[in-house]
Number of protein chains: 4
Amino acid sequence: MSKQSLNDLTIRLREFAADRDWDQFHSPKNLAMALSVEASEIMEHFQWLTEEQSSALVPKKLQQVKEEIADVLIYLTRLADRLGVNPLMAAYEKLEVNQAKYPADKVRGSAKKYTDL
Amino acid sequence: MSKQSLNDLTIRLREFAADRDWDQFHSPKNLAMALSVEASEIMEHFQWLTEEQSSALVPKKLQQVKEEIADVLIYLTRLADRLGVNPLMAAYEKLEVNQAKYPADKVRGSAKKYTDL
Amino acid sequence: MSKQSLNDLTIRLREFAADRDWDQFHSPKNLAMALSVEASEIMEHFQWLTEEQSSALVPKKLQQVKEEIADVLIYLTRLADRLGVNPLMAAYEKLEVNQAKYPADKVRGSAKKYTDL
Amino acid sequence: MSKQSLNDLTIRLREFAADRDWDQFHSPKNLAMALSVEASEIMEHFQWLTEEQSSALVPKKLQQVKEEIADVLIYLTRLADRLGVNPLMAAYEKLEVNQAKYPADKVRGSAKKYTDL
């Protein structure tokens, strides 16, 4: 397994929790809460910005958002591990579903058809 | 780049949106909202379960949670790409910060010290 | 209208925003984000507690949660006002729906039947 | 107490839960999760709309948002009751804090000063 893959991160986080005896706090229920809280902390940075402003963050703000993105990925990885789910495989499966559901030649240019990624 | 890496997923999602002319909807502000909504949909499956029950989902429910995990990873990847952030590198940087902040030998077994992953 | 009713709060918040020229920030989209962020801040206080612990907060923590509850009610009231919705009437209507949906004599004591408030 | 006040709703919801033996599910932790999930369901209606579109919902969508607003108020009321908090008094206290924090004559017209309600 290569360094800095999602699989490697999964193992690193598993060790991190085990070393601290933190598995007792990491029930899927609690991790799902923590994940939602962190996703909300990303959003907090954008709530009063226009969409245009949200695409042009100043460096300090971008750094803060980057750290929140890290937290979301960490809790998502940890939750998936506790449930025995491979998040990357799940994403690829979902992408295939979405490709069938939203054929590019039918959906393109139609805002009305837009509902989901 | 290997198939089924987070980098590869980033590129696949970028193409998916471009093929459908969906970048117009994918402002960081909107993607942050979508990410938070999907994280909440994971949580919805756990809200009335005990912590114990949350660790032993029936297969049907586990499959539903897996699909929501996929959605979170997809929107997180897409948001990070729009901001020029590498989420895996950000997570490794955060892990180093957390290792310094919560030394295993001082934190272990102390529920009181527990505040964050 | 009595002092300290939800209707009175609605008017007070409307004046508060008008006095500061803040209606420009208070689109329903932005207020829905702010509401979700504040709801998440309530949750943050509970994420690592057991259910039992969550029923017995120390005074300092209870005060913090109380302030977040205030923020949620403020943004909910403001959002409803911008949409022309009476939140209290909406809640009473929903309560009637729930009473028909979950008859007490059929639902009582059946955890399995429990899915929603 | 007048019909259709927030105090009356509190009592009605307390009876509703007692009649169904649902207090066992309504720990503050679980109610905080449910509140966050419902706030997110409001947001879901707005995530792909522009701010302008979010101010002009079609009647069907407005009705759906209204029902989600009801759910948020119901869970917020229930959570506050379980914690012994009066949400309306808390909101008025917070409003006073905000009036001192953001004096109208200093804040008006200054988007830069805008950070919070």
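Student: At what angle do helix 1 of chain D and helix 4 of chain D pack, and how far apart are their axes?

Tutor: In general, the packing of two helices is described by the angle between their axes and by the distance between those axes. In this predicted model, helix 1 of chain D packs against helix 4 of chain D at an angle of about 80 degrees, and their axes are 9 Å apart. Because angles of 65 to 115 degrees count as roughly perpendicular, helix 1 of chain D is described as roughly perpendicular to helix 4 of chain D.

Student: Which residues in helix 1 of chain D meet helix 4 of chain D?

Tutor: From helix 1 of chain D come Leu6(D), Leu9(D), Thr10(D), Leu13(D) and Arg14(D). They meet Ile74(D), Thr77(D), Arg78(D) and Asp81(D) in helix 4 of chain D. Sorted by class, this contact has 4 nonpolar, 2 polar and 3 charged residues.

Student: How many residues does the contact take from chain D and from chain C?

Tutor: Chain D gives 60 residues to the contact and chain C gives 61 residues. On the side of chain D that touches chain C, the elements giving two or more residues include helix 1 (6-19), helix 2 (28-44) and helix 4 (59-83) of chain D. Helix 4 of chain D supplies the largest share of that side, 14 residues. By class, the side of chain D that touches chain C has 39 nonpolar, 9 polar and 12 charged residues.

Student: What rotation superposes chain B on chain A?

Tutor: Chain B is superposed on chain A by a rotation of 180 degrees with 0.0 Å of shift along its axis, at an RMSD of 0.0 Å. These copies meet through the same surface, because 100% of the interface residues of chain B are also interface residues in chain A.

Student: How many helices and how many strands has chain A?

Tutor: Chain A has 6 helices and 0 strands, and its pattern along the sequence is α-α-α-α-α-α. Of its 117 residues, 40% count as buried.

How values were computed:
Residues are numbered from 1 along each chain as its sequence is written. Chains are lettered from A and ligands numbered from 1 in the order in which they are written. This is a predicted model: local features need pLDDT of at least 70, side-chain atom pairs count only at pLDDT 80 or more; totals for chains, interfaces and linings use all residues. Two residues are in contact if their C-beta atoms, placed from the backbone, lie within 7 Å. Helices (H or I, at least four residues) and strands (E, at least two) are DSSP runs, numbered from the N terminus. Ala, Val, Leu, Ile, Met, Phe, Trp, Tyr, Cys and Pro count as nonpolar, Asp, Glu, Lys and Arg as charged, and the others, Gly among them, as polar. Copies are superposed by least squares on the C-alpha atoms of residues with pLDDT of at least 70 in both. A residue is buried if 20 or more other C-beta atoms lie within 10 Å of its own, exposed if 12 or fewer, and partly exposed in between; C-beta atoms are placed from the backbone. Axes are lines fitted to C-alpha atoms, for helices over the stretch in contact, and angles run from 0 to 180 degrees between N-to-C directions. Angles under 35 degrees count as roughly parallel, over 145 as roughly antiparallel, 65 to 115 as roughly perpendicular and the rest as oblique.
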